[in-house]
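Here is a short briefing to read with the structure open beside you. It goes topic by topic.

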Amino acid sequence: MSRRRNSSNKTISRDPVTRGKLVSVYLGFLVIASYVMFRLVTLQIINHEEYASNAENQVLGTESIPAARGTIRDVNGKILAVTLSNCFEVTAHPNLIKEDEKSEFIDTLSTVLRISKQELRKRLNQHPKFVYIDKSLRVDLESDSLLRGLEKKYSPALALRQVFDRDYPNGRIAAQITGFANYEGEGITGIEGVFNDVLMGIPGEEVVVKDALGYEIDLPDLPKRPALPGGKISLTIDVDVQAIVEEELARGVEESASVGGMAIITEPRTGAILSMCSFPYYDPKDYGKYSTKARKNRVVTDAFEAGSVLKIVPFAALLQTKRISVYDLVFCENGRWKIADRFIRDSSPHAYLTARDVLVFSSNIGTAKLTENLSNKELFTWMRSFGFNAETGVPQYGEAEGLLLNPSDWSLVTKANLSMGHAISVSTLQIAMAYGAVANGGDLMEPLLVKEIVSPQGDVQEFKPQRVRNCMQPSTARALRMLLTEAVDRGTGTRAKIENVSVAGKTGTAQLVNLKKGGYYQDRYVSSFAGFLPADQPELLGVIVLEDPQNQYYGGTVAAPVFNRIMKRLLVSMSDRFTEEEAAKWASREKDHVILPEFVNMPKTLVEERINQLGLHVRYEEKGKFVLAQGVPEGSMVCEGDTIVLRLGESIPQLAEVKVPDVRQKTLREAIRLLSAAGVQPEIKGEGVVQFQHPPPGTMIKRGNSCTITATLKKGRDT
Amino acid sequence: MKKRTTINENDSKADGVLFGIVMFLAIAGLITVYSAGSERSVSFYGSPHAIVIRQAIFLILGLGILFLTQKVPYQWWRFAALPGWILSVGLLAVVLIIGEVTNGAGRWIQLGPVKFQPSEAAKFATILFVAAWSSKNQDNLKDFRYGIAIPLAAALIPALMILRQPDLSTAFLLAMVAIALIFLSGAKLKHLVLVALPVLGGAVLAVIFKPYRLTRVKTILAGELDRYGDGYQLYQSWLGFGRGGLFGTGPYESYQKLRFLPDAHTDFIYSVIGEERGFIGAAIILVLFLIFIWRGYRISARCTDRFGSLLAAGITTVIGMYALINMTIATGKVPTTGLPLPFISYGGTSLVLTLASVGILLNISKFTSNGKIQSSNRGW
C-alpha cells in the first residue's frame with residue numbers, strides 16, 4: 001500500500017527505503033523462518049528418537065578385545081606353547097615418510113628392530129602406501145621405549161599395534177602333538193586346534209566410537225568388558241621323554257635309511273601317552289615351510305598294515321578259549337604253505353614248532369594254522385575288542401580308525417592274513433593301546449593325552465585313566481606276557497633286550513601296501529617293534545615303526561634296537577619314577593616265570609622242596625605221600641607266587657594209561673629210553689635227533705601203545 | 001511522506017542490540033567451530049585447536065575492522081562503490097582463470113598464509129554498488145535502464161562468474177539479494193517481474209545443463225532422500241538435529257562431526273548446533289537472526305539518507321538471506337551445496353567481511369531519526 005502511495009509521490013525518490021517494502025521482505029524472511037522452525041520441530045522433537053538411534057548406530061560399535069591364548073604345558077609343567085604379549089605389529093606408510101627423513105628413518109628403525117638396512121628398504125618398497133615391517137616383533141623393555149619413541153616421532157608414517165604372539169619354546173619337540181595356532185591366534189592343528197575353544201579364552205568387548213572413515217575416536221568412559229584369558233592345558237606328554245624319543249627315532253630312521261618313522265611311549269597301566277612323534281618332524285617357527293606329512297601326528301593319523309605285531313590277538317583268543325596249549329605242535333610246512341590259491345611264507349622255514357615258538361619265532365604259517373581253530377567271527381570280534389578298527393578318541397585331529405572288513409566280506413585267505421597282521425590297517429596308537437592291555441592284565445585303556453584343563457573361568461577338570469573294556473582275562477594277558485618275554489629273550493626280538501630288565505615284545509615286518517597298483521611291494525616294508533618292560537609288571541610301553549627301511553628291513557633288526565635305545569635312556573632319566581625295591585626286583589625277574597615240571601607220581605616231600613625252589617605255593621587236595629595229579633599241567637608257564645593244586649594219594653596207582661613224555665630234540669637213544677621208561681612203545685623213523693613225535697607230549701595213551709618219533713641227522717633250530 | 005534533510009551523527013548511538021546479537025552469534029560460532037572442526041583440525045593441522053584458533057584470529061581481525069568501519073562515515077563508501085565492484089569482479093575473473101589453469105573448481109585466491117574468497121567480497125561490493133547507484137539515480141529509477149537494467153547487471157555479472165566456479169547457491173543468492181535490493185530501492189514492480197522470469201528461467205537452464213543438479217531436482221521431486229547418494233550430507237544433517245532433541249547432547253558431544261557430516265564446521269554448522277544444543281539452541285539462533293534482520297531493517301527505515309538506508313537494507317538482507325537459506329538447507333529437504341552461516345561458520349573471508357559490513361551497518365545506525373519524524377516508522 002505504501003509502495004503505491006510512494007510511486008505517486010514526486011518526492012519519494014529522496015526518501016529512504018520505505019518501511020512497507022521492508023515489511024514485505026521481512027515477511028518473506030518470516031515465512032522461511034517458519035519453515036525452518038517447522039523442520040526443527042519435526043526433526044528434533046517429533047522424530048528425535050528415530051534419528052538419535054540412527055545417528056548412534058552409525059557411530060557406536062562394539063570392538064572385541066582379544067584374549068591372551070592359554071598355555072599348554074607338559075606333565076611336569078614345562079611350557080609347550082605360550083602366548084607372549086610383549087609383541088608389536090609394526091607397519092609403515094612409506095608414502096608418508098618425508099624424503100629428507102627417509103635415510104634417518106631407515107637408520108634408526110634398523111637399529112631398533114635389528115634388521116639390516118637393506119632388508120628394511122626392501123620391505124618399505126613392497127607397497128607405496130602400506131607395508132608390514134614386522135608382524136610380531138618381540139621386544140624387551142628397552143627397545144619397547146625406543147620403539148614407542150620412534151612411533152611418536154614418525155607417526156602416522158610408522159604405526160605400532162600391540163599383538164599377541166604364540167611361542168613354542170621347545171621348537172619341534174612335541175610340535176606335532178601341541179599343534180599350531182595361526183597368526184590370527186586360532187588353533188588349527190593338534191591340541192591347539194582340538195581345544196581351541198578352551199585356549200582361546202573369551203574376548204572382551206568395548207564400545208567404540210568410530211568416525212565415518214572407520215577411525216576410532218578416543219572418548220573416555222565408554223563401557224568395556226575386559227577379555228578373559230584362555231584356559232590352561234596340561235598334557236601327559238613329558239618333554240624330556242619326547243626329546244629322547246624324537247632323537248632316537250630320527251637316529252633309527254637315519255641308520256636304517258627309512259623314509260619315515262613313528263614312535264609312541266605310554267604308561268600301560270593308565271594309558272597315558274608320555275611321548276609320540278612321527279618322523280619327519282617340523283618346527284612351528286617356520287610352519288609354512290614344512291609338508292603336511294611333517295606337521296601331522298602320524299602316530300594317530302596314519303593307518304598301515306602292521307604285520308606280526310598283531311599276532312598277539314589270535315594268540316590271546318586261542319589261549320583264552322583254550323583251543324590250544326602253548327605246547328601244541330604245529331607243522332610249519334618248511335616255510336611255504338598254500339592256502340586257497342595263495343602262498344604263505346615264513347622268513348625262516350620251520351618244520352614243527354610248538355604254539356609257543358610259533359609266536360616266539362613269529363611263524364606266519366604256524367599262526368595261520370593255529371588260527372584255524374577260531375571262526376572268522378571270533379577273530380573279527382577279538383580284533384575289535386583289542387581296539388582295532390575303532391577310534392581311540394585321542395584328542396588329536398584326523399584320527400585313523402583303520403580298515404577291517406566285516407567277516408561276511410572275507411575271502412578264503414582273509415582269516416589267515418588277518419592272523420598275521422595283514423588285511424587290517426591300524427595306527428601306531430592302536431597298537432600301543434592293544435599292547436597296553438597285554439601289559440596291564442587285560443584292560444584296554446583310553447589313551448590319556450590331556451592331564452588337566454583349567455577353563456578360562458578357573459574350573460579345573462582332571463582326566464583320570466579310563467578303561468574302554470576288559471579285552472582278556474588276566475591269565476591270558478599273563479600268558480601272552482610270558483610268550484612276548486621269550487620272543488625278546490630267544491626269539492625275533494632279541495635286539496630289544498636290556499640287561500637286568502625283562503623286556504616283553506614282538507616284532508613286525510609287513511610288506512608295504514602298494515597304493516598305486518594295489519597289492520604289496522615285494523621289496524618295501526614297514527618294520528615295527530611293540531614291547532614293554534618290566535615284563536610282568538610293566539611301567540613303560542613303546543611302539544616303534546620304521547617305514548620303508550632301505551638297508552635291513554626286519555622289525556627285529558631295525559625297530560627293536562630303536563626301542564632298546566629309547567628304553568635304556570628312559571630307564572636312566574626316569575629312574576626316579578621307580579623305587580630301588582622295584583629296580584632290585586627287575587634284576588631277579590629272569591627267574592620269575594617258570595615252566596611247571598611234572599609232579600605226578602613224585603613223593604610229596606620232593607615236590608614240596610621243588611615247589612619252594614620255584615617260589616610257588618601249593619595247595620593239597622586229599623592226603624597221602626605221593627602226588628596223583630596236578631591242577632596246572634606240566635609245561636605250563638606259571639609265575640612266582642602262583643598256587644599249584646596237587647592231589648595226593650597214599651600210593652602210586654598202576655595206571656592203565658600213561659603219559660607220553662616229551663622226547664623232541666633228544667637223541668634217538670635217549671628218546672627210546674624215556675619212552676620205554678614211561679611204558680610207551682617207540683616207533684622210529686629216520687635217525688639222529690628227534691624232531692617230531694606222535695602223539696604229542698602229555699597225551700594219555702594206553703600203556704604199551706606206540707609213539708612214532710621222527711628223527712633227522714641235522715640238528716634242528718637252535719634253542 | 002516528509003523528507004528528512006539533516007544528517008546528524010549524534011542523533012543516536014550505534015545499535016547496541018544489533019551488536020550484542022552479532023557478538024553472541026560470533027561467540028556461539030567460535031564454540032561450535034571448536035567442536036565441529038576438531039576432527040578436521042586434527043587431520044589437517046595435527047591439533048584439535050588449530051581451526052578454532054584460526055577462527056578466533058579472524059574474529060579478532062573482523063572485530064577490529066568492525067570497529068574501524070563503524071567509525072568511518074558510511075557516506076565515504078559511496079566513493080568505493082564502483083572501484084570496489086570492478087575490483088571484486090576482477091578477482092572473480094582471476095579465480096576463474098586459476099580454475100581453468102588448474103582444471104578444478106576454485107573459489108579461493110591464496111594470499112600468503114590466508115585464502116581469500118572473492119565471491120564473499122563480490123556480494124558486498126554488489127550491494128554497495130546497487131545502493132550507491134540507486135541513491136545517485138534516485139529520480140530515474142522508474143526508468144527500466146536505471147531502475148532495473150544497470151543494478152541487475154551489476155549483480156548478474158558477478159553472479160554468473162560465481163556460477164562458473166561453480167557455486168550455484170552463492171550465485172543464486174547474490175541474484176536474489178540484488179532483486180530484493182532493486183525492489184527496496186523503488187524500481188517498478190512490473191519491471192522487476194519482467195526480469196525475474198528470465199532469471200528463474202536461467203536457473204532452470206543451469207539445472208538442466210548440469211546433470212548433478214538435475215539429479216538433485218529429481219531427488220526433490222521424488223520426495224525421497226537418497227541417504228547414501230546425493231542426500232547423504234543432508235540426511236547426516238537431519239541425524240544431527242534429530243539426535244540433539246530438545247536440549248541437545250551438550251557441548252563437544254556431537255557424533256555427526258566425526259566425519260559423518262561433511263562440512264560440519266562450515267556450511268552445516270547449524271546441524272552441529274542442533275545436535276549439541278538441541279531444539280532450544282537452534283531456535284535461539286534462528287530467533288536471533290530474525291531480531292538481527294529486524295534491527296537491520298529498523299536502521300534502514302530510520303536512516304534519513306537514501307544511500308545509507310539502501311546500504312543498511314542491503315547488508316541486512318544479504319546477511320539475513322544467507323542465514324535463513326543456510327538454515328533452510330540444513331533442515332530442509334533439498335540436497336544442495338551449502339552456504340556459510342554468517343558469524344558462525346568457519347571461514348575467514350566470510351567472517352571478516354560480514355563483521356566489516358556490520359560495522360558499516362552500525363555506523364548507519366548512528367544517523368537514524370529515532371522514529372520521531374515519521375510516525376508510520378514506529379515499530380521499526
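Which residue in β34(A) is the bridge partner of Ile684(A)? The bridge partner is Ile709(A). Keep in mind that this is a predicted model. The points below start with strand pairing in chain A, then turn to chain B and to some backbone details.

**Strand pairing around β34 of chain A**

- Strand β34 of chain A covers residues 706–712 and runs parallel to strand β31 of chain A, residues 681–686.
- Six bridges join β31 and β34.
- The link between Ile684(A) and Ile709(A) gives a residue pair to look for.
- β34(A) is also joined to strand β32 of chain A, residues 689–694.
- Here the strands run antiparallel, and five bridges join them.
- Phe692(A) has Thr710(A) as its bridge partner in β34(A).

**Chain B as a whole**

- Chain B has 13 helices and two strands.
- The chain holds 380 residues, and 57% of them are buried.
- Take the contacts in chain B between residues at least 6 apart in sequence: 76% of these join residues at least 24 apart.
- The accessible surface of chain B is about 15,500 Å².
- Carbon and sulfur atoms account for 68% of that surface.

**Cis peptide bonds in chain A**

- Phe279(A) and Pro280(A) are joined by a cis peptide bond, with omega about 5°.
- Pro280(A) sits in the loop between β11 (272–279) and α11 (292–295) of chain A.
- A cis peptide bond also runs from His694(A) to Pro695(A), with omega near 0°.
- Pro695(A) belongs to the loop between β32 and β33 (700–702) of chain A.
- β32 is also the strand that pairs with β34(A) in antiparallel fashion.

- Gln665(A) is not a glycine, yet its phi is positive, about 70°.
- To find Gln665(A), go to the loop between β30 (657–659) and α23 (668–678) of chain A.
- In chain B, Arg259(B) is not a glycine either, and its phi is positive at about 65°.
- Arg259(B) lies in the loop between α10 (232–244) and α11 (269–302) of chain B.
- With a relative accessible area of 28%, Arg259(B) is partly exposed.

Methods: Residues are numbered from 1 along each chain as its sequence is written. Chains are lettered from A and ligands numbered from 1 in the order in which they are written. This is a predicted model: local features need pLDDT of at least 70, side-chain atom pairs count only at pLDDT 80 or more; totals for chains, interfaces and linings use all residues. Side-chain values use heavy atoms; hydrogens and water are left out. Two strands pair if DSSP finds at least two bridges between them. Helices (H or I, at least four residues) and strands (E, at least two) are DSSP runs, numbered from the N terminus. Buried means under 20% relative accessible area, exposed over 50%, partly exposed in between (1.4 Å probe, protein chains only). Contact means heavy atoms within 4.5 Å. Accessible areas come from the Shrake-Rupley method with a 1.4 Å probe; for residues, only the protein chains shown count as cover.
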